[in-house]
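Subject: Structure handover

Hello,

The structure you asked about is below. My notes on it come after.

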Amino acid sequence: PTDAAAVVAAKVITLTPKEVFDPPELYSIHQGVVQGIHSFGAFVRLAGFSRDALVHVTQLKVAEAGERVETTDIVQQGDVIYVKVIDIAWMKRKFFLSRKFVNQEDGTDLDAGQATLIQEKTKAADQRVARAEQMMQQIEIGDTGA
């Protein structure tokens with residue numbers, strides 16, 4: 001093996017259980033306890049996992065058009081809520097949750113086929129592309145906004 005392969009193999013062998021990243025299954029539903037509240041969302045701890053995961057403020061509830069959602073209007077520290085695993089960032093060793101896709105009374109998945117989630121992710125990606133294209137146009141004409 002190459003030197004790089006040997007280093008990777010040695011790192012894999014020397015991982016301690018604390019360093020192993022074993023997230024819940026993608027799209028699985030769990031109960032969790034709100035550990036922290038921030039303007040950008042809430043951190044939730046799932047039973048059986050040592051790492052808190054973020055429920056972004058946009059994933060706390062289905063917002064009406066133009067409605068501004070505040071984290072503290074939806075959840076408080078210590079609340080037990082149902083959440084769905086909507087993304088896993090393997091390289092960052094993080095996973096992300098949504099509350100809005102789960103019935104809070106019984107834990108039923110409200111987006112079982114992920115159609116709404118996929119729609120939201122596609123819209124967000126399209127918006128990022130549009131912003132990047134706009135920035136490129138500004139650079140090309142020398143208008144950086146400064």
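This is a predicted model: local features need pLDDT of at least 70, side-chain atom pairs count only at pLDDT 80 or more; totals for chains, interfaces and linings use all residues.

Residues are numbered from 1 along each chain as its sequence is written, and side-chain values use heavy atoms, with hydrogens and water left out.

There are 3 aromatic pairs (rings of Phe, Tyr and Trp, the last by its six-membered ring, with centres within 6.5 Å; planes under 30 degrees apart are stacked, over 60 edge-to-face, the rest tilted). In one of them, Phe21 and Trp90, the ring centres are 5.4 Å apart and the planes at 80°, so the pair is edge-to-face. Phe21 counts as buried at 14% relative accessibility, whereas Trp90 counts as exposed at 53% (buried is under 20% relative accessible area, exposed over 50%, partly exposed in between; 1.4 Å probe, protein chains only).

Beyond its neighbours within four places in sequence, Phe95 is in contact (heavy atoms within 4.5 Å) with residues including Phe21, Leu46 and Ile88.

Ile81 lies in strand β4 (strands are DSSP runs of E, at least two residues, numbered from the N terminus). Ile81 is buried, at 4% relative accessibility. Its C-alpha atom is separated by 8.6 Å from that of Val44, 37 residues apart along the chain.

Regards

Key
Helices (H or I, at least four residues) and strands (E, at least two) are DSSP runs, numbered from the N terminus.
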